[in-house]
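Colleague: I have a few questions about the words used for this model. Please take them one at a time.

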Amino acid sequence: MEWNELLIRYGEMSLKGRNRNVFVKKLRDNIKDSLSGLKTVIIKPERDRMFLYAEDQHDMKEAIARLPFVFGIQSFSPVAKCEATLEAIKEKAIEVIGADETAGKTFKVEVKRTDKRFPLVTSELQQEIGAHVLRSFPELGVKMKKPDIVLLIDIRVEGAFLTAKVYEGAGGMPVGSNGHSLLMLSGGIDSPVAGYLMMKRGVSIDAIHFASPPFTSELAKKKVMDLAEKLSSFGASVRLHIIPFTEIQQTIVSQVPDNVSMTTTRRIMLQIADKVREEEGALAVITGESLGQVASQTLESLTAINAVTATPILRPLIATDKLEIINIAQSIGTYEISIRPYEDCCTIFSPSNPKTKPKLEKVAFYESFTDFEPMIEMAVESRMTVELPLSEKDGFEDLL
Ligand code: ATP
Ligand code: MG
């Protein structure tokens, strides 16, 4: 079956005014990026839908395979074009319906006559074409309300356009249409899912990871790079900043009482993240925190951690259960990477009895005996930044 164009529908119809233009332009750019390498593709945006043309049918097939991953697309349909005569439309209708499974399905025909010069009126056309389809596919049932297949026929001056299949899109908003944020990316299950959900909301991301070699291994770093690369497949490329964190963690362990050391670790991580965020032009910080999941994720803990900055901290998982998070992780392909066994810095340095309700004044008091500021500055300055996906020339080994 040869398709002449793809009709791409947007979600978020409530978008108004200038926002809509930003949304449409970004979506077009992101579709272009996701179809890089396909030479014959042309994209034409309109107000509430977009058309994609490809001269080469191989490009058209590739586009159909890649579009389901692009945020901001509600659904899309492959469209076939023919001459605007009854005979040509009937013939094309059989081809279009035949391109998919028909056994046990119901259908109806819907005609839109943009070209009013066409001799038959809409209802006659619908009947005529419906009867013709039934002769070729007697297994089909006719159903007016919510049939499985709606054969849409748009008769325009340039020709007749037919489509019968609707592919579901990824929904959400185009990545980059809602600003840029910094994701705190551990090697765990939660933070990649948090990043994915914000990207779905149109936020493009940088990621930051705290590594404590030699306590954390090179394979732990590779794991985080693989997670960042996976996230980059949902939108734009992801810059990953790896922060050397060993010295700070050792200082915390030696200077701060055991039961608040986890809170202090988080507070210092957030201060470093906030500085990197500012330098990278991001507006918010994203974490994978979920209320009550561990000691550092009680409201009291979050309050004590949050006190180091006025920057918005986005926690898309705050009200989700672990099982829900795992389900998303599995469906987006990060779960398999996250469960690799390499431990991250928090697991290794975590105290046996962290306070679940740390008091901000107490934590601040214990921290006041150590000057963390120069260490924080140093950590920010000595970060290593890689852009995922890696370009072909630099492999992982070159970066260690
Ligand atoms: P995750 O599954 O994302 O590791 P978690 O359930 O293990 O989360 P915590 O270890 O308490 O929870 O971490 C809470 C959040 O802090 C993480 O979701 C992540 O956003 C951030 N974080 C924790 N450790 C690191 C790290 N080494 N580098 C960057 N961010 C981190
Ligand atoms: Mg973790």
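Colleague: Which element gives the most to the lining of the second largest cavity?

Modeller: Strand E11 does, with 3 residues. This is a predicted model, in which local features need pLDDT of at least 70, side-chain atom pairs count only at pLDDT 80 or more, and totals for chains, interfaces and linings use all residues. Residues are numbered from 1 along each chain as its sequence is written, chains are lettered from A and ligands numbered from 1 in the order in which they are written, and side-chain values use heavy atoms, with hydrogens and water left out.

Colleague: What makes a space a cavity, and what makes it a pocket?

Modeller: On a 1 Å grid over the protein atoms alone, a cavity is a set of points where a 1.4 Å probe fits but cannot get out, whereas a pocket is an open set with protein on both sides within 12 Å along at least five of seven lines; lining residues have an atom within 4 Å of a point. A volume is the space filled by probe spheres set on the points, which are joined across faces, edges and corners. The search finds 2 cavities of 30 Å³ or more in the whole structure.

Colleague: Why is the second largest pocket said to lie between domain 1 and domain 2?

Modeller: Domain 1 (5-168) and domain 2 (180-399) both give residues to its lining, so the pocket lies between them. The domain bounds come from an automatic or database domain assignment. This pocket has about 630 Å³ of space and 21 lining residues, with Ser34 and Phe234 among those nearest its centre.

Colleague: Why is Val150 called partly exposed?

Modeller: Buried means under 20% relative accessible area, exposed over 50%, and partly exposed in between, with a 1.4 Å probe and protein chains only. Val150 has 26% relative accessibility, so Val150 counts as partly exposed.

Colleague: What does Val150 contact beyond its neighbours within four places in sequence?

Modeller: Contact means heavy atoms within 4.5 Å. On that basis Val150 is in contact with Lys108, Glu110, Thr163 and Ala164. The C-alpha atoms of Val150 and Ala164 are 5.5 Å apart, with the two residues 14 apart along the chain.

Colleague: What makes a set of residues a nonpolar core?

Modeller: The set must consist of buried Ala, Val, Leu, Ile, Met, Phe, Trp, Tyr and Cys residues joined through side-chain atoms within 4.5 Å. The largest such core has 46 residues, and Ile31, Leu52 and Leu151 have the most contacts inside it.

Definitions and conventions: Helices (H or I, at least four residues) and strands (E, at least two) are DSSP runs, numbered from the N terminus.
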